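I opened a new model today and kept notes as I went. The entries below follow the order of my look-ups.

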Amino acid sequence: MANHQAVVDQANALAQTAQKLSQQAAQLAAHAAQATSAGGGEAAAGAIPFFVVGLTVFVLACFVGYYVVWRVTPALHSPLMAVTNAISSVIIVGALIAAGPQGHSFSKALGFAAVTLASVNIFGGFIVTRRMLQMFSKKKR
């Protein structure tokens, strides 16, 4: 019975801790909402601008991608190319949406460039994958 009571006491203590954490999370959310609306849509005092955050993520993704690709063994090259082609096909869908609106705008030009570059990546990936698979196939006489 003492063991049962200890479990109940521990559960009550955890429930109280969870309630305190919930209140703190609500306060943090309220402060974040105030900081976001304080600037009238712009970065609030002390907040990092979106461009800096986006640029940081882009640079880090470039480094991670570089080291991941150069560490791939030759046996895994074909599956990696297949995944890259799949990602490029998703990029083409988004780029077509960006390039779709009527008129001329910067986003439409970027959408067209994205469609072109992703298409080159997809077709080039298929050519490289085909050549690599031919290396593993048996020679026909």
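**Setting up.** I take helices (H or I, at least four residues) and strands (E, at least two) as DSSP runs, numbered from the N terminus. This is a predicted model, so I follow its limits: local features need pLDDT of at least 70, side-chain atom pairs count only at pLDDT 80 or more, and totals for chains, interfaces and linings use all residues. Residues are numbered from 1 along each chain as its sequence is written, and side-chain values use heavy atoms, with hydrogens and water left out.

**Overall fold.** I counted four helices and zero strands in the chain. Read from the N terminus, the order is α-α-α-α. I then looked up burial, where buried means under 20% relative accessible area, exposed over 50%, and partly exposed in between (1.4 Å probe, protein chains only). Of the 141 residues in the chain, 11% are buried. The chain exposes about 11,900 Å², by the Shrake-Rupley method with a 1.4 Å probe; for residues, only the protein chains shown count as cover. Carbon and sulfur atoms supply 71% of that area. For contacts I used heavy atoms within 4.5 Å. Among contacts between residues at least 6 apart in sequence, 52% join residues at least 24 apart.

**Surface patch.** Which residues form a nonpolar patch on the surface? I listed Ile 48, Phe 51, Val 52, Val 53, Leu 55, Val 57, Phe 58, Val 59, Phe 63, Tyr 66, Tyr 67 and Trp 70. Together they have about 1,300 Å² of accessible area. Patch members need over 30% relative accessible area and no salt bridge; like charges are joined within 9 Å, nonpolar side chains (Val, Leu, Ile, Met, Phe, Trp, Tyr) within 5 Å. A salt bridge puts a side-chain nitrogen of Lys or Arg within 4 Å of a carboxyl oxygen of Asp or Glu. I checked one member, Phe 51, which lies in helix H2 (residues 50-70). Phe 51 counts as exposed because its relative accessible area is 61%.

**Aromatic pairs.** Rings of Phe, Tyr and Trp (its six-membered ring) pair if their centres lie within 6.5 Å; planes under 30 degrees apart are stacked, over 60 edge-to-face, and the rest tilted. By this rule I get two aromatic pairs. One of them is Tyr 66 with Tyr 67, edge-to-face, at 5.2 Å centre to centre and 80° between the planes. Ring pairs link Tyr 66, Tyr 67 and Trp 70 into a cluster. Tyr 66 is partly exposed at 46% relative accessibility. Tyr 67 is also partly exposed, with a relative accessible area of 46%.

**Helix H4.** I tested the length of H4 (residues 106-136). The expected span is 1.5 Å times one less than the number of residues. For its 31 residues that should be 45 Å, and the end C-alpha atoms are 45 Å apart, which agrees. Which residues of H4 are buried? They are Gly 111, Val 115, Ala 118, Ile 122, Gly 125, Thr 129 and Met 132. An α-helix has 3.6 residues a turn, so residues three or four places apart point the same way.

Asn 121 is in helix H4 and is partly exposed at 31%. Not counting residues up to four places away in sequence, Asn 121 touches Thr 84, Asn 85 and Ser 88. The C-alpha atoms of Asn 121 and Thr 84 are separated by 8.4 Å, at 37 residues apart along the chain. Thr 116, in helix H4, is partly exposed at 35% relative accessibility. Ala 109, in helix H4, is partly exposed at 45%.
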